[in-house]
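This briefing describes a single structure, shown below. The points that follow are grouped by topic.

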Amino acid sequence: MRPLSELTLGGEADAVPKARRFTAMALATEPDHLVEDAEQVVSELVTNAILHGAQPVTVRILRGERALRLEVEDGGRSLPVVSRSSADTMTGRGLALVAALASGWGVEESRVGKVVWAELAEEQSELA
């Protein structure tokens, strides 16, 4: 995979909107559906990293032959959990949404903590 862009976030209050803008700008030449899905995935992963991980949080966008790889690294060691949410809960839907938008996702250990990644297929018909 070829790196396209990287952004490191600290404790700023606008970290999630900043990550969305960064994603949209980095993918400005991509099809709209891919940019929208990438923005949503990055929003969810950055939110989780801020709420459950440790700073700094780094967002990376990489290009593969047929997919984009979105990575969010944070200094936390605890693994994300896909929770069973209900209509009454206010949180807990983020990773389920990531799984629905991405062609694949997972978690890897990193030098400083963990990387949560998701891949988005370039062809909309491949997303499921």
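Leaving aside neighbours within four places in sequence, serine 110 is in contact (heavy atoms within 4.5 Å) with Glu73, Arg77 and Val115. The model is predicted: local features need pLDDT of at least 70, side-chain atom pairs count only at pLDDT 80 or more, and totals for chains, interfaces and linings use all residues. Residues are numbered from 1 along each chain as its sequence is written, and side-chain values use heavy atoms, with hydrogens and water left out.

- Serine 110 is found in the loop between strand 4 and strand 5; helices (H or I, at least four residues) and strands (E, at least two) are DSSP runs, numbered from the N terminus.
- With a relative accessible area of 16%, serine 110 is buried (buried means under 20% relative accessible area, exposed over 50%, partly exposed in between; 1.4 Å probe, protein chains only).
- The side chain of serine 110 reaches the backbone nitrogen of lysine 114 at 3.4 Å.
- Serine 110 and arginine 77 are 33 residues apart along the chain, and their C-alpha atoms are separated by 9.2 Å.

**Glutamate 73**
- Glutamate 73 lies in strand 3 (residues 67-74) and counts as buried because its relative accessibility is 12%.
- The side chains of glutamate 73 and serine 110 are joined by a polar contact of 2.7 Å (a pair of N or O atoms within 3.5 Å; within protein, one must be able to donate a hydrogen and the other to accept it, and residues adjacent in sequence count only if both atoms are side-chain atoms).
- Not counting residues up to four places away in sequence, glutamate 73 touches several residues, among them Arg60, Arg111 and Lys114.

- An open sheet of five strands has the order 1-2-3-5-4, with antiparallel pairing; two strands pair if DSSP finds at least two bridges between them.
- Its edge strands, each pairing on one side only, are strand 1 (2-9) and strand 4 (104-109).
- Strand 1 pairs with strand 2 (residues 57-63) in the antiparallel sense over seven bridges, and proline 3 stands opposite leucine 62 in strand 2.

**The nonpolar core**
- The largest nonpolar core has 27 residues, and those with the most contacts inside it are Leu9, Val41 and Val59 (a core is a set of buried Ala, Val, Leu, Ile, Met, Phe, Trp, Tyr and Cys residues joined through side-chain atoms within 4.5 Å).
- Helix 2 gives the largest share of this core, eight residues.
- Not counting residues up to four places away in sequence, the contacts of valine 59 include Leu9, Phe22 and Val46.
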